[in-house]
Amino acid sequence: MNLVRFRQTWQRLVTENRFHRGLLIALLATNLLTLSALLQAERTVVLVPPILESQVNVARASASQEVKEAWGLFVTELLGNVTPTNAPFLRRTLEPLLSPSLRRAIAGILDDQVEALKRDRVSVRFAPELVQYEADSDRVRVSGKQVITDPGADPVTRPRTYEVQVAFRNYRPLITYLDAYQDARERKGRGADSTADVAPAASTQ
C-alpha cells in the first residue's frame with residue numbers, strides 16, 4: 001500500500017516538475033520577446049516646456065503639433081525682427097535649424113534684406129497674431145502685422161504671413177520649408193514651393 005502511494009506521489013511530483021519546467025521556458029520566451037520589442041521600439045520623449053500649456057511628445061522623426069507650432073513661432077519672430085545689428089546672431093541661430101537645401105538660399109536672402117535695411121535706413125518689426133497648423137501639408141502658418149518705420153515718414157503697417165515646415169531628425173527640429181508673403185494672392189503668384197522673401201522687406205512702398 002505504501003509502495004503504491006509512493007509511486008502516485010512520485011508521478012505527481014514528476015508531472016509538476018515538468019509543468020513548472022514548461023512554464024519557466026514560456027516565461028523566458030515572453031521576456032525575451034518583450035526585451036526585443038523594447039530594443040526595437042522608438043523612444044518617445046515627453047516634455048512640458050514652459051511655453052506650452054500641456055505636455056507634448058517628441059520622437060526621433062516626429063513631434064506633436066504643438067511643438068511644431070512653437071518652433072514655427074520662434075523662427076518667424078526671429079525673421080520678422082531682423083535688423084543690421086542682430087543679423088549675425090540671427091544667422092548663427094537659424095543656420096543649425098535649416099535643412100541643407102535651405103541654408104544657402106536663406107543666408108543669401110538675409111544678406112540682401114540687411115543691405116536693403118541699411119540702405120533705406122528703416123526698421124522693421126513683426127507682431128504675430130495667429131498661429132495655424134495645416135495637417136495636409138504639415139506646415140505652420142504664423143500671421144500678424146509687419147510695421148515698417150522710416151525716419152522721414154509715418155510707420156507703415158501691413159499683413160504678413162510666414163509659412164514654416166518643421167521636421168525632426170534624431171529628436172532635433174529641422175526647417176525644411178520657409179516662406180513669407182503679404183497675402184494669399186502673392187503666395188499663389190510665386191508658387192506653393194517658393195522660399196523667397198523670408199526676411200522682412202525693407203521697402204515702405
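The model described here is a predicted one. The protein chain contains 5 helices and 6 strands, and 35% of its 205 residues count as buried. The points below proceed from the overall fold to helix packing and then to individual residues.

**Overall fold**

- Starting at the N terminus, the order of elements in the protein chain is α-β-β-α-α-α-β-β-β-β-α.
- When contacts in the protein chain between residues at least 6 apart in sequence are considered, 48% join residues at least 24 apart.

**Packing of α2 with α3**

- Helix α2 spans residues 65-80, and helix α3 spans residues 87-94.
- The axes of these two helices, α2 and α3, cross at roughly 155 degrees and come within 10 Å of each other.
- Angles over 145 degrees count as roughly antiparallel, and α2 and α3 are therefore roughly antiparallel to each other.
- The handedness of the crossing between α2 and α3 is left-handed.
- On the α2 side, the residues that meet α3 are Phe74, Val75, Leu78 and Leu79; on the α3 side, their counterparts are Phe89, Leu90, Thr93 and Leu94.
- Sorted by class, the contact of α2 with α3 comprises 7 nonpolar residues and 1 polar residue, with no charged residues.

**Packing of α3 with α4**

- Helix α3 also packs with helix α4 (residues 100-120), at an angle of about 165 degrees and with the axes 11 Å apart.
- This angle makes α3 roughly antiparallel to α4.
- The crossing of α3 and α4 is right-handed, whereas that of α2 and α3 is left-handed.
- Ala87, Leu90 and Arg91 of α3 make the contact with Ala107, Leu110, Asp111 and Val114 of α4.
- By class, 5 nonpolar and 2 charged residues form the contact of α3 with α4, and no polar residues take part.
- Leu90 of α3 is listed in the contact with α2 and in the contact with α4.

- Lys68 is located in helix α2.
- Buried means under 20% relative accessible area, so Lys68, at 10% relative accessibility, counts as buried.
- The side chain of Lys68 is joined to the side chain of Asp138 by a polar contact of 2.8 Å.
- Beyond residues up to four places away in sequence, Lys68 touches Ala63, Tyr133, Asp138, Val140, Val166 and Phe168.
- Glu69 is likewise part of helix α2.
- With residues up to four places away in sequence not counted, Glu69 touches Val131, Tyr133 and Val140.
- From C-alpha to C-alpha, Glu69 and Arg139 are 8.7 Å apart in space, while 70 residues apart in sequence.

**Ser143 in strand β4**

- Ser143 belongs to strand β4, which covers residues 139-149.
- A polar contact of 3.2 Å connects the side chain of Ser143 with the side chain of Thr161.
- Apart from neighbours within four places in sequence, the residues in contact with Ser143 are Phe126, Pro128, Glu129, Leu130, Arg160 and Thr161.

- The phi of Asn170 is near 55 degrees, which is a positive value in a residue other than glycine.
- Tyr171 also has a positive phi, of about 75 degrees, although Tyr171 is not a glycine.
- Exposed residues are those over 50% relative accessible area, so Asn170 counts as exposed at 52% relative accessibility.
- Ala59 lies in strand β2, made up of residues 56-59, and counts as buried at 6% relative accessibility.
- Ala59 and Asn170 are 111 residues apart in sequence, and their C-alpha atoms are 7.8 Å apart in space.

Methods
Residues are numbered from 1 along each chain as its sequence is written. This is a predicted model: local features need pLDDT of at least 70, side-chain atom pairs count only at pLDDT 80 or more; totals for chains, interfaces and linings use all residues. Side-chain values use heavy atoms; hydrogens and water are left out. Helices (H or I, at least four residues) and strands (E, at least two) are DSSP runs, numbered from the N terminus. Buried means under 20% relative accessible area, exposed over 50%, partly exposed in between (1.4 Å probe, protein chains only). A polar contact is a pair of N or O atoms within 3.5 Å; within protein, one must be able to donate a hydrogen and the other to accept it, and residues adjacent in sequence count only if both atoms are side-chain atoms. Contact means heavy atoms within 4.5 Å. Axes are lines fitted to C-alpha atoms, for helices over the stretch in contact, and angles run from 0 to 180 degrees between N-to-C directions. Angles under 35 degrees count as roughly parallel, over 145 as roughly antiparallel, 65 to 115 as roughly perpendicular and the rest as oblique. A crossing is left-handed if the near helix is turned anticlockwise from the far one by less than a right angle, and right-handed if clockwise. Ala, Val, Leu, Ile, Met, Phe, Trp, Tyr, Cys and Pro count as nonpolar, Asp, Glu, Lys and Arg as charged, and the others, Gly among them, as polar.
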